Amino acid sequence: MTGTGPQGPGRYGERVFRPEAGGEGDRIDLGSLAYDATTMSRLRRLGVGPGWTCLDLGAGTGTVARGLLEEAGVAEVVAVDRDVRFLAAHPVPGLPPLQADITADGFSPELFPDLSPALSPGRFRLVHARFLLMHLPDRPRLVARFAELLAPGGVLVISDAVDLTTDSAPLTPYTAAMRAMWRGLRDSIGTDVSQVVHHPELLEAAGLESVAAEIHVPPLLPGSAISRFWADTWDRARADMLATGLLDEDGLEEALRLLDSPGYAGLSPGMLTAWGWKPGAPGAPGAP
């Protein structure tokens, strides 16, 4: 996954969440355990299946890409990430990893013809990106570029984090930690979830049709994948969180205890998924 912050000097995977750091792949997989079933259900309901050629941007450890092959039975998935070590560690037939920076000027449809005759420009039935755009600047340009990669009738699906606890929720050690995390990541690597609610508008501006969106918020349960994911994420972003001044070490430790408490009823950040269709045959909007 790639990130260059409009305010912060860092990039996702360099200042924080470095792929070479011990356990980073496991942290990503915890997020996958929390969200993959929802992602795959939506993709299947949109009609993704046998014969489709797919592009997975910011593929991480490749769980969605493998799900497309193994569960949906698609023809091929190209999995793109700025660092493909997790993908390369578990090679799968039909899943060629491509190491590329999607923010670079050179990232364009012309990258793909050499991979397979089926992957010529504008031939992807599905372009998918999850928890990627939230870390990147210039989202309208990127969404327009992703739309260019679609075949006529293809669908672009983008998912990013939304947080229902940052503004109006009562201040607790947990909500303070979440606010510090988003502020710290914004200041250090440019992560900005406040604009995720505008993703449907970006899809429409890119010329896509039948745009729709939904939100999934997994429950915070002791020992659950999502609770463990946030605990690990806070630990890796600890320095940037504390630098905001929104909480101190004691507050962060109390927030971690709440994550593991059966008596706490806080809301996890959720996942907003938006999709839109490129005009023209052969695709048709899937089930709502």
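Predicted model: local features only at pLDDT ≥ 70, side-chain atom pairs only at ≥ 80, totals over all residues.
Trainee: How many residues does α1 have, and what distance does α1 reach from its first C-alpha to its last?

Mentor: Helix α1, residues 24–45, has 22 residues and reaches 31 Å between those two atoms, close to the 32 Å expected at 1.5 Å a residue. Along its course, α1 also bends by about 50° at Tyr35.

Trainee: Where does Tyr35 find an aromatic partner, and how should I read such a pair?

Mentor: A pair of aromatic rings is described by the distance of the centres and the angle of the planes. The structure holds six aromatic pairs, one of which joins Tyr35 and Phe131 in an edge-to-face arrangement, with 5.2 Å centre to centre and 70° between the planes. Because Tyr35 lies in helix α1 and Phe131 in the loop between β4 (124–130) and α4 (139–148), the pair ties together parts that are 96 residues apart in sequence.

Trainee: At what angle do the axes of α1 and α7 cross, and which residues meet?

Mentor: The axes of α1 and α7 (residues 225–236) come within 8 Å and cross at roughly 145°, in a left-handed crossing. Among the residues that meet are Leu30, Leu33 and Tyr35 in α1, and Ile226, Phe229 and Arg236 in α7; the residues of this contact divide into seven nonpolar, two polar and five charged.

Note on methods
Residues numbered from 1 in each chain as written. Heavy atoms only, no water. Axes fitted to C-alpha atoms, helices over the stretch in contact; angles between N-to-C directions. Helix = DSSP H or I, 4+ residues; strand = E, 2+ residues; numbered from the N terminus. Left-handed = near helix turned anticlockwise from the far one by under 90°. Contact = heavy atoms within 4.5 Å. Nonpolar A, V, L, I, M, F, W, Y, C, P; charged D, E, K, R; others polar. Expected span 1.5 Å × (residues − 1). Bend = angle between axes of the 7 residues up to and from the residue. Phe/Tyr/Trp six-rings, centres within 6.5 Å; stacked < 30°, edge-to-face > 60°.
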